[in-house]
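I opened a notebook page for this structure and set down below what I looked up, entry by entry.

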Amino acid sequence: MLTKRIIPCLDIKDGRTVKGVNFVQLRDAGDPVELAKIYSDEGADELVFLDITATVDKRKTLADLVTKVAKAINIPFTVGGGISTVEDVKILLNAGADKISINSAPVHNPKLVDEMAAEFGSQCIVVAIDTRNVDGIDFVHTHGGRKPTLLKTQEWAKEVCDRGAGEILLTSMDHDGTKAGFANEITAEISSMLSIPVIASGGAGAMAHFKDVFTFGKADAALAASIFHFKEIPIPELKSYLKKEGISIRN
Amino acid sequence: MKVAVIKYNSGNVKSVLYALERLGAEAELTDDPQKIRAADRVVFPGQGEAKTAMEYLKERKLDQLIKELKQPFLGVCLGLQLLCEHSEENNTDCLGIFPVKVKRFVPENTQEFKVPHVGWNELENLADDPLVRDLPENPFVYYVHSYYAELSEYTLATTHYIHDFSAILHRDNYWAIQAHPEKSSLTGEKLLSNFLNL
């Protein structure tokens, strides 16, 4: 049976992890490769690396990091953050990334999704959508959720799916950082609408939140950052809890 | 042990190289017929689209070469599909090592079954074969695909998604796996090391 996926997300700046991590076994708390290896050994199903380096010349650092990660771990990983051209994608895939995730770029130029899917295959193109509810309507936001667009989240999700996205990474900016649970309603709505998998993100604070997003939220995968980094929820515990709750999970 | 990983216009093949290197093999990405013939093992990886891949192989006469090889050969993902007879993906005639048809997943309930089939799923009904020796029961492997090979007498293991399909095929010196062993954690490592030890 196909299982639900648990995905830790690592924020990267200049080739180093940014947010503080609370792993005693880490020799170098800023080394993404070491952290990735720990997550992989603990049973994470996939990893996401989100590069928040602003400058273009730092891109080389990211490609080098991707190579190091690909050499070290044996589970799939996605790389995102500031990817805006077909060439960017080529460099990262050639370096050993399994998937790339794009966010703001296709909002400005939707055809990018078609171009990337045609060139590399839908399976490696994840479209990240940051959504925020404004007066009862869900709108796509860019720039880390700060900048609203006129795109309605549901319509945009449908459009990128039609254009060839392989997966949607849906982050609720209303829930992100609250630890009050995932945005189950909109996640369920998008997941039911689309024929491609949806990864839910934003709001994880307790193990029950994962169960909820896999059942009520109809998510195919769930992503979180700080609760894993700070060991608030260890991945092995989370997985045995979900299994006990009847969710299909990889051992 | 020298492993030739066949180079053609497919997606992330670096991971296959890295996984083989982690197991101590000397792996090289190559489309040089001499090197491929001389290798102890040949891996045929792949992500991407069937028709373009077949055209690329034909242009370089790699299609003939693949059929003539005698050493243990492992097709992965699209590599498995291309070893079959025909793929529904852009109505493509493939290499025909396995007389098996490749079809697209067509779910009746698109809410329950997304396409592509992405994520970790189980290998089931494992036959007695050196490639799958000493694996745990119903081990999990990582999948990303929209097309699958039908069940056949060459099916060595099955996976269930919408229905059963051929997860691993074996005929003579040719093995093929639909999942990505290079991304399938310890189970994937075991499959690859079994392949190197055939």
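Entry 1, overall form of chain B. I note at the outset that this is a predicted model, and I read every value with that in mind. I looked up the extent of chain B and found that its C-alpha trace spans about 50 × 35 × 30 Å along the principal axes. I then took the radius of gyration, which is 15 Å for chain B, and this agrees with the value near 16 Å that a compact globule of 198 residues would have.

I counted six helices and 13 strands in the secondary structure of chain B. Of its 198 residues, 61% count as buried, and the accessible surface of the chain comes to about 8,000 Å², with 44% of that belonging to carbon and sulfur atoms. I also looked at sequence separation, and among the contacts in chain B with a separation of 6 or more, 69% are accounted for by residues 24 or more positions apart.

I traced a sheet of four strands in the order β6-β5-β7-β10 (chain B), which is open and has mixed pairing. Which strands stand at its edges? They are β6 (92-93) and β10 (147-149) of chain B, and because each has a single partner strand, one side of each is left without a neighbour in the sheet. Within the sheet I followed strand β5 (residues 86-87) of chain B to strand β7 (residues 101-104) of chain B, and found that the two run parallel and are joined by two bridges; in one of the pairs I looked up, His86(B) has Lys101(B) in β7(B) as its bridge partner.

Entry 4, strand β4 of chain A. I turned to strand β4 (residues 77-80) of chain A, where Phe77(A) and Val79(A) point one way, Thr78(A) and Gly80(A) point the other way, and all are buried. β4(A) pairs in the parallel sense with strand β3 (residues 47-51) of chain A over four bridges, and Leu47(A) has Phe77(A) as its bridge partner in β4(A). β4(A) also pairs in the parallel sense with strand β5 (residues 99-102) of chain A, here over three bridges, and Val79(A) stands opposite Ile100(A) in β5(A).

Technical notes:
Residues numbered from 1 in each chain as written. Chains lettered and ligands numbered in written order. Predicted model: local features only at pLDDT ≥ 70, side-chain atom pairs only at ≥ 80, totals over all residues. Heavy atoms only, no water. Pairing = 2+ DSSP bridges. Buried < 20%, exposed > 50% of the residue type's maximum accessible area, 1.4 Å probe, protein only. Rg over C-alpha atoms; globule rule 2.2 N^0.38 Å. Contact = heavy atoms within 4.5 Å. Areas by Shrake-Rupley, 256 points an atom, 1.4 Å probe, with all protein chains shown as cover.
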